[in-house]
Amino acid sequence: GGEIVVAIAGNKCDLERTRQVSLEEAEQYAESVGAVHFSTSAKLNKNIDEVFLSISKRALEKKSAKSGSRGATSAGS
């Protein structure tokens, strides 16, 4: 089900002039598959930590929501 957290990292944002996919297109695609999009640059250390923090935060939120819904289900039984 919806237990997977997906992030799309558009790498090499330091090379904007050679971009192959528009930022808008990347963000629309990410949204269409339930992912988050980050423009990243390992060279400039841009948004690297943010990608992993976002994945971790979203995974914890999904786990909490799933645990909460289980508790509500079993409490109502």
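The model you are looking at is predicted. Its protein chain holds two helices and two strands, which follow the pattern β-α-β-α when read along the sequence.

- Ser39 counts as buried because its relative accessible area is 16%, and buried means under 20%.
- Which residues does Ser39 touch once its neighbours within four places in sequence are left aside? Its contacts are Gly10, Cys13, Arg19, Leu23, Lys46 and Asn47.
- Two of these partners, Gly10 and Arg19, will come up again among the residues closest to the centre of the largest pocket.

**The largest pocket**

- The largest pocket contains about 270 Å³ of space.
- Its lining is made of 15 residues, and those closest to the centre are Gly10, Asn11, Arg19, Gln20 and Val21.
- Which elements each supply at least two residues of this lining? They are strand E1 (7–10), helix H1 (23–32) and strand E2 (36–39).
- By residue type, the lining divides into six nonpolar, six polar and three charged residues.

**The loop between E1 and H1**

- Two residues to look for here are Lys12, found in the loop between E1 and H1, and Asp14, which is found in that loop too.
- Is Lys12 buried or exposed? Lys12 is exposed, because its relative accessible area is 52% and the cut-off for exposed is over 50%.
- Asp14 counts as partly exposed, with a relative accessibility of 25%.
- Asp14 and Ser41 are 27 residues apart in sequence, yet their C-alpha atoms are 6.0 Å apart in space.
- Leaving aside neighbours within four places in sequence, Asp14 is in contact with Ser41, and also with Lys43 and Leu44.

- Most residues other than glycine have a negative phi.
- Lys12 has a positive phi of about 65 degrees, although it is not a glycine.
- Asn47 also has a positive phi, near 65 degrees, and is likewise a residue other than glycine.
- Where does Asn47 sit? Asn47 is in the loop between E2 and helix H2 (48–76).
- Asn47 is partly exposed, because its relative accessible area is 21% and buried would mean under 20%.
- Asn47 is also one of the contacts of Ser39, the residue we began with.

**The chain as a whole**

- The protein chain has 77 residues, and buried residues make up 17% of them.
- The accessible surface of the chain comes to about 5900 Å², and carbon and sulfur atoms account for 54% of that surface.
- Among contacts between residues at least 6 apart in sequence, 62% join residues at least 24 apart.

- The average pLDDT of the protein chain is 88, and 87% of the residues score at least 70.
- Over residues 73–77, however, the pLDDT is below 50.
- How many contacts does the stretch 73–77 have in the model beyond near neighbours in sequence? The number is zero.

Conventions:
Residues numbered from 1 in each chain as written. Predicted model: local features only at pLDDT ≥ 70, side-chain atom pairs only at ≥ 80, totals over all residues. Heavy atoms only, no water. 1 Å grid on protein atoms, 1.4 Å probe; cavity = no way out; pocket = protein on both sides within 12 Å on 5 of 7 lines; lining within 4 Å. Points joined across faces, edges and corners; volume = space filled by probe spheres on them. Helix = DSSP H or I, 4+ residues; strand = E, 2+ residues; numbered from the N terminus. Nonpolar A, V, L, I, M, F, W, Y, C, P; charged D, E, K, R; others polar. Buried < 20%, exposed > 50% of the residue type's maximum accessible area, 1.4 Å probe, protein only. Contact = heavy atoms within 4.5 Å. Areas by Shrake-Rupley, 256 points an atom, 1.4 Å probe, with all protein chains shown as cover. pLDDT = per-residue confidence, 0-100.
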